[in-house]
Amino acid sequence: MKEVSTANAPASIGPFSQGVIDDGTVYVSGQGPIDPETDEIVGESIEAQTRRTMENIDAVLTAANSSLDDIVKSTVFVRDMDDYEAINEVYETYLSDPYPARSAVEVAALPVDIGVEIEVVARVSR
């Protein structure tokens, strides 16, 4: 197993890596709408938060020699399922058909006061 780390995504806030590579697969820890330069939450709207979240995922994937096109599975954690449609509208602009498999789960809280967190599993580009 090899750690993936980049300054272009927020640093981990606990005892976990931004991502790890194992046997040609990259596992990206949950990313949220945190600006990696300021460590501040980005965006008042769920759309802005989702965009920043996807940009952070892209940064970790790039550091792992992977890309958004290589995602095979994602899990979306959302604090309010009423935001689901708005999250989808942004999410789909970052991905292409065929879309990855995905789960979406409404949660009572996240480690920081954000509306969305997304984790992904992707292939490492050859």
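**Close-up views of a predicted model**

**View 1. The largest pocket holds about 290 Å³ of space.** This is a predicted model, in which local features need pLDDT of at least 70 and side-chain atom pairs count only at pLDDT 80 or more, while totals for chains, interfaces and linings use all residues. Residues are numbered from 1 along each chain as its sequence is written, and side-chain values use heavy atoms, with hydrogens and water left out. A pocket here is an open set of points on a 1 Å grid over the protein atoms alone, where a 1.4 Å probe fits, with protein on both sides within 12 Å along at least five of seven lines. Its volume is the space filled by probe spheres set on the points, which are joined across faces, edges and corners. Which residues lie nearest the centre of the largest pocket? They are Ala 11, Ile 13, Phe 16, Gly 30 and Ile 34, out of 15 lining residues, where lining means having an atom within 4 Å of a point. The lining has eight nonpolar, five polar and two charged residues. In this count Ala, Val, Leu, Ile, Met, Phe, Trp, Tyr, Cys and Pro are nonpolar, Asp, Glu, Lys and Arg are charged, and the others, Gly among them, are polar.

**View 2. Ile 13, Phe 16, Ile 41 and Val 112 make a nonpolar surface patch of about 350 Å².** Such a patch joins nonpolar side chains (Val, Leu, Ile, Met, Phe, Trp, Tyr) within 5 Å, from residues with over 30% relative accessible area and no salt bridge. The areas come from the Shrake-Rupley method with a 1.4 Å probe. Look for Ile 41 in the loop between β3 (25-31) and α1 (46-63); helices (H or I, at least four residues) and strands (E, at least two) are DSSP runs, numbered from the N terminus. Ile 41 counts as partly exposed because its relative accessibility is 40%, with buried meaning under 20%, exposed over 50%, and partly exposed in between.

View 3. A salt bridge is a side-chain nitrogen of Lys or Arg within 4 Å of a carboxyl oxygen of Asp or Glu, and the structure holds three. Is Arg 52 buried or exposed? Arg 52 counts as buried because its relative accessibility is 16%, whereas Glu 55, at 35%, is partly exposed.

**View 4. Asp 70 forms a salt bridge with Arg 123.** Their closest N and O atoms are 3.1 Å apart. The pair links distant parts of the chain, 53 residues apart: Asp 70 is in the loop between α1 and β4 (71-78), and Arg 123 is in strand β6. Asp 70 is buried, with a relative accessible area of 10%, while Arg 123 is partly exposed at 45%.

**View 5. Asp 97 and Pro 98 are joined by a cis peptide bond.** Here omega is about 0°. Most peptide bonds are trans. Pro 98 can be found in the loop between α2 (84-94) and β5 (101-106).

**View 6. Asp 23 has a positive phi of about 50° although it is not a glycine.** Most residues other than glycine have a negative phi. Asp 23 sits in the loop between β2 (19-22) and β3, and it is exposed, with a relative accessible area of 73%.

How values were computed:
Patch = residues over 30% accessible without salt bridge, like charges linked within 9 Å, V, L, I, M, F, W, Y side chains within 5 Å. Buried < 20%, exposed > 50% of the residue type's maximum accessible area, 1.4 Å probe, protein only.
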